[in-house]
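Subject: Model for your files, with notes on the contacts

Dear colleague,

I am handing over the structure we spoke of, and below it you will find my notes.

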Amino acid sequence: MDNILESKSIKKYYHRGSETVKALDGVDFEIASGEMVAIVGPSGSGKTTLMNIISCLDNPTEGQLKIAGKDVTNYTESQLIKIRRENIGFVFQQFYLIPTLTAKENIELPFVFSKKSIDPQRINTVMERVGIQSKQNIQVNQLSGGDKQRCCLARSLMNDPAILIADEPTGKLETQVRDAIFSLFDELVQSGLAIFIATHDLELAEKTQRIIHLQDGKIVQREESSLYW
Amino acid sequence: MKLFIIAFKNLKRKKTRSVLTIGGVAIAVAVLVSLLGFNAGYQIALNNDVDKMGYQVLVTAKGCPYEAATLMLKGGGGLRFMEEEVFDRIVQDERIDKITPQLINTVFDADKDGGGGFTMFMGIEKSYLTLKPWTEFKEGEWFSDENADEVIIGYEAAELEQRRAGDKIFIPGIDKVLTVSGIFERTGTQDDGVIMLPLKTAQRIFDLEKKLTGIGIKLKDMTELPAFEEDLYDEASIQVISMAQVKGTIMNLISTAQILVTSVAFIAIIVAIFGVVNTILMSVFERTQEIGVMKAIGASKLDVFSLIWYETILICGLGGIVGSIIAILAGNSVEFFVKKLLPYAPEGNLVHITSGLLLLSLVGAIVLGLVSGIYPAYRASSMRPIEAIRSGE
């Protein structure tokens with residue numbers, strides 16, 4: 001399988017006064033198409049920083065990041081926007097849907113921003129796939145948590161991304177709904193999508209194909225991870 | 001779905017706030033439309049009033065020329081008198097096309113309008129009609145002779161006095177009864193409220209023998225006016241006023257009121273701009289995470305800038321439409337109020353709101369939106385997606 005994401009010696013340093021904070025200190029890993037990987041680690045381990053960098057929302061201090069074969073390390077903001085539009089889908093714990101719009105209108109947003117004409121067939125296919133079609137005309141603030149996450153997932157799939165980045169995707173959901181969302185992830189992976197999940201939920205992480213343990217800005221072996229101690 | 005629709009739906013998020021902001025813009029626009037409408041309307045009404053006097057030059061007794069001209073226009077007591085022989089001399093001038101002498105006098109009527117008021121009487125000659133060829137009789141006819149105890153009543157005065165041709169009319173103060181020989185059709189000028197009588201009759205009954213208050217003159221060629229004026233300069237007892245000067249002077253007098261109202265409109269616009277900036281900025285801050293997510297899922301700086309800009313344009317555009325409607329509906333009230341404030345208000349509509357003015361105001365409101373939206377839109381578009389998303393965590 002082709003690697004859809006490659007991270008080579010990624011470092012992210014911040015300066016706090018005279019002190020240098022090493023949020024990431026040489027992170028190497030790859031994710032291939034059709035692979036679901038979880039990243040776990042305690043608070044302050046650098047999980048969020050890594051998520052931001054591989055989401056092309058932030059630049060690394062050092063190292064190299066490749067998305068879909070393109071070295072995006074030194075891309076400008078406008079180039080990163082294009083990469084995000086074309087290659088990356090986002091699923092958030094808080095959903096971040098626009099409350100004044102319906103489920104369908106929220107799902108259409110990536111089309112609006114990419115200036116593509118709206119493809120009704122694509123929208124219907126995606127809505128059907130995530131199971132939100134029957135609620136497409138309901139304003140999102142009237143939807144349940146599970147349906148909001150389905151809506152968020154549908155929005156992330158609109159531009160047919162190569163990788164889906166999910167930040168605590170089941171954090172706010174009940175067990176039954178959580179399992180349903182995970183099943184959807186599983187289906188998407190089988191169709192070739194790469195999924196990268198940041199979570200504190202070890203039960204969810206255990207269901208993925210691979211777990212990356214992050215501690216003090218570095219990838220560690222499972223037995224070294226403080227989450228298991 | 002377009003960004004414009006998203007912007008429109010965003011305004012519904014905080015309905016009360018949006019409505020209040022639109023209201024602020026609407027008030028500013030209504031004030032502006034009324035002011036510009038008044039500027040245009042007053043000029044038109046003044047031109048109409050002055051033009052319908054029928055003459056370009058007014059000769060009056062020496063005094064304040066503009067007071068005299070305003071009194072001739074508006075009516076009222078206090079006019080100075082000049083000798084009739086002045087008329088006999090001026091009428092010989094070959095540069096004159098048409099000329100008419102006038103004697104205006106006012107009489108206090110304790111019963112008028114319930115609380116008492118002045119009635120204006122004007123002594124005229126038949127030459128008066130040659131200067132005002134548009135004047136028509138609603139009923140009756142010209143005086144039977146130049147010394148008859150008869151009156152011709154203006155349209156509104158006839159309605160007020162409830163008189164018809166052939167009726168009698170009593171002049172209080174001098175205890176005189178005159179016969180109504182005719183009633184003029186409405187002219188839309190001060191003449192509508194005047195009671196006219198033969199010049200000689202007026203001189204006799206008001207005890208103003210051989211006196212005049214003014215002489216209206218139409219020159220054959222208006223370029224002759226400076227020379228004509230110069231020639232009359234030596235006449236110690238009179239002054240020459242061109243009606244163009246009168247228009248200019250009245251407009252100057254009005255300009256003080258206009259400056260005041262313009263200042264109010266300007267302040268209203270500034271307040272509206274701050275209101276819009278505040279509303280949109282608050283809305284941007286409340287939606288920081290949402291804007292961060294939009295940028296994460298592919299919105300460019302321009303997309304976010306446009307979205308926020310559309311919101312301000314919508315607020316100001318809607319404010320412009322509502323403000324224009326208010327200005328149209330409140331036009332009569334504004335006119336009533338303005339007429340009470342001004343020293344001289346011409347007849348007719350003083351607030352003249354045209355479709356061009358409404359279009360201009362709407363464009364102005366949209367420009368106001370564009371200006372007000374720059375800073376909030378810039379703030380929103382400059383947000384870094386990660387920081388924006390994390391801001392609420």
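This is a predicted model: local features need pLDDT of at least 70, side-chain atom pairs count only at pLDDT 80 or more; totals for chains, interfaces and linings use all residues.

Residues are numbered from 1 along each chain as its sequence is written, chains are lettered from A and ligands numbered from 1 in the order in which they are written, and side-chain values use heavy atoms, with hydrogens and water left out.

The interface

Chain A brings 23 residues to the contact and chain B brings 24 residues, where contact means heavy atoms within 4.5 Å. The area buried between the two chains is about 2,300 Å², with 66% of it given by carbon and sulfur atoms; buried area here is the accessible area (1.4 Å probe) that two parts lose on being put together, summed over both. On the side of chain A, the residues that lose the most area to chain B are Tyr96(A), Thr100(A) and Phe113(A), which together make up 27% of what that side buries.

Between chain A and chain B there are six residue pairs in polar contact, both residues being at pLDDT 80 or more. A polar contact is a pair of N or O atoms within 3.5 Å, and within protein one must be able to donate a hydrogen and the other to accept it, with residues adjacent in sequence counted only if both atoms are side-chain atoms. The elements that give two or more residues to the side of chain A that touches chain B are α1 (47-54), α2 (77-87), β6 (88-92) and α3 (103-113) of chain A, and the largest share, five residues, comes from α3(A). Helices (H or I, at least four residues) and strands (E, at least two) are DSSP runs, numbered from the N terminus. By class, that side of chain A has 13 nonpolar, three polar and seven charged residues, with Ala, Val, Leu, Ile, Met, Phe, Trp, Tyr, Cys and Pro counted as nonpolar, Asp, Glu, Lys and Arg as charged, and the others, Gly among them, as polar.

Salt bridges

A search of the whole structure finds 28 salt bridges over all chains, and three are found across the interface of chain A and chain B; the rule asks for a side-chain nitrogen of Lys or Arg within 4 Å of a carboxyl oxygen of Asp or Glu.

One of them joins Arg384(B) to Asp58(A), with the closest N and O atoms 3.4 Å apart. This pair crosses between chains, from the loop between α13 (355-381) and α14 (385-390) of chain B to the loop between α1 and β4 (62-67) of chain A. Arg384(B) is partly exposed, at a relative accessible area of 40%, whereas Asp58(A) counts as buried at 9%; buried means under 20% relative accessible area, exposed over 50%, and partly exposed in between (1.4 Å probe, protein chains only). Both residues belong to a network of salt bridges that links Lys12(A), Asp58(A), Arg384(B) and Glu387(B).

Glu105(A) and Lys9(B) also meet through their side chains in a salt bridge (2.6 Å, N to O). Glu105(A) lies in helix α3 of chain A and Lys9(B) in helix α1 (residues 3-11) of chain B, so this pair too joins two chains. Glu105(A) counts as buried at 15% relative accessibility, and Lys9(B) counts as buried at 17%.

Within chain B, the side chains of Glu290(B) and Arg13(B) form a salt bridge (2.9 Å, N to O).

Asn10(B), in helix α1 of chain B, counts as buried at 6% relative accessibility. A polar contact of 2.9 Å joins its side chain to that of Glu311(B), and, leaving aside neighbours within four places in sequence, the residues in contact with Asn10(B) include Ile98(A) and Thr100(A).

In chain A, four strands form an open antiparallel sheet in the order β2-β1-β4-β5, two strands being paired if DSSP finds at least two bridges between them. β2 (19-32) and β5 (70-71) of chain A stand at the edges, each with a single partner strand, so one side of each is left without a neighbour in the sheet.

With best regards
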